[in-house]
Amino acid sequence: MSKTAFMFPGQGTQKAGMGKDFYENSQTAAGIFDSASKLLDIDMKALCFEKNDLLDQTEYTQAALVTTCLAITAVLKEKGLKPDVTAGLSLGEYCAVAVSKGMSTDDAVRAVRQRGILMQTAVPGGIQGLKN
């Protein structure tokens, strides 16, 4: 008997356009993006789908990536593909916990938004700022 694992990436895997096809083709995915937009008062469609400078800023990156991963996962689950186990690298751990029902989608999005703000505040220049 085989098992299915859903593995979620960490920060650095984000790119403009991520999740757009899911948003456009699934009411479930659109609902997750729209809910995150309202919850955080951020236009997630613009942040995730359009080329912009904010997507690579930690305080925005983390919420954008988690929202995208949760939206994609919701569609996969809706299609009948469900994980037996979940795992995540760093930021991806929040998705893994939410998908396994350890926290709600809204709580995961809120938590990573706050996490991103705190990390951006702690190291305003990002990793490059640590080298100086």
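Which residues is Leu70 in contact with, leaving aside its neighbours within four places in sequence? I looked this up and found Ile32, Cys95, Ala98, Val99, Thr105, Ala108 and Val109, where contact means heavy atoms within 4.5 Å.

I note that this is a predicted model, in which local features need pLDDT of at least 70 and side-chain atom pairs count only at pLDDT 80 or more, while totals for chains, interfaces and linings use all residues. Residues are numbered from 1 along each chain as its sequence is written, and side-chain values use heavy atoms, with hydrogens and water left out.

Of its 34 residues, Phe8, Phe33, Met44, Leu47, Cys48 and Leu70 touch the most other members. Helix H4 (58–78) is among the elements that each supply at least two residues, and H4 gives the most, with 10 residues; helices here are DSSP runs of H or I with at least four residues, numbered from the N terminus.

Thr58 is also found in H4, and I record Thr58 as buried because its relative accessibility is 15%. Not counting residues up to four places away in sequence, Thr58 touches Gln11, Gly116, Met119 and Gln120.

Last, I checked helix H2 (residues 27–40) against helix H6 (residues 105–122), which pack at an angle of about 50° with their axes 10 Å apart, the axes being lines fitted to C-alpha atoms over the stretch in contact and angles running from 0 to 180 degrees between N-to-C directions. The contact is made by Ile32, Ser35, Ala36, Leu39 and Leu40 of H2 and by Thr105, Asp106, Val109, Arg110 and Arg113 of H6.

Notes. A nonpolar core is a set of buried Ala, Val, Leu, Ile, Met, Phe, Trp, Tyr and Cys residues joined through side-chain atoms within 4.5 Å. Buried means under 20% relative accessible area, exposed over 50%, partly exposed in between (1.4 Å probe, protein chains only).
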